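Here are my notes on the model you sent over. Have a look at the structure first, then read on.

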Amino acid sequence: MRKFRMYFVDISNDGSEFELRFETLKTYINDLNDEYNLNIKLIKTEYENDKFNKVLEARKDDKEGNVRCFMCYSLRYKELVEYASKNNFEYVCSVMTISRQKNEEMINKILEGYSSKYSNIKYLNSNFKKD
């Protein structure tokens with residue numbers, strides 16, 4: 001069985017965008033499972049916007065792409081790799097590298113660093129931006 005864990009933490013204050021994205025992803029995963037006879041399990045995490053906002057409060061006025069982004073990447077990816085290791089995932093990756101506003105080099109560096117601390121986790125280096 002393949003497992004897919006969605007992890008969004010700072011999308012909206014009330015969680016409505018989180019739920020919308022989760023339902024969209026769930027539909028997509030269900031369609032993939034049906035069309036290709038797969039068994040991908042979607043794992044939903046808790047919505048933890050308040051937790052992250054408290055940690056990142058001091059950087060709330062940063063513009064996109066500054067220190068706040070790197071702190072957030074680090075927080076979310078540390079938890080991702082820990083979860084993946086404890087739950088026997090083979091690989092971790094981030095789809096955030098598709099965004100032109102996200103620094104894929106920093107995302108890859110952070111995730112590679114955390115992944116290297118766990119012998120059972122491999123990191124799939126990514127840059128999903130279209131040329």
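1. Overall size first: a compact globule of 131 residues would have a radius of gyration near 14 Å, and the chain comes in at 15 Å, so the two agree. That radius is taken over C-alpha atoms, and the globule rule is 2.2 Å times the number of residues to the power 0.38. Along its principal axes, the C-alpha trace spans about 45 × 35 × 35 Å.

2. Keep in mind that this is a predicted model, where local features need pLDDT of at least 70, side-chain atom pairs count only at pLDDT 80 or more, and totals for chains, interfaces and linings use all residues. Residues are numbered from 1 along each chain as its sequence is written, and side-chain values use heavy atoms, leaving out hydrogens and water.

3. On confidence, pLDDT (the predictor's per-residue confidence, from 0 to 100) averages 88 over the chain, with 95% of the residues scoring at least 70.

4. The chain has four helices and four strands, both being DSSP runs numbered from the N terminus (helices H or I, at least four residues; strands E, at least two). From the N terminus on, the order is β-α-β-α-α-β-α-β.

5. Contacts (heavy atoms within 4.5 Å) reach across the sequence: of those between residues at least 6 apart, 65% join residues at least 24 apart.
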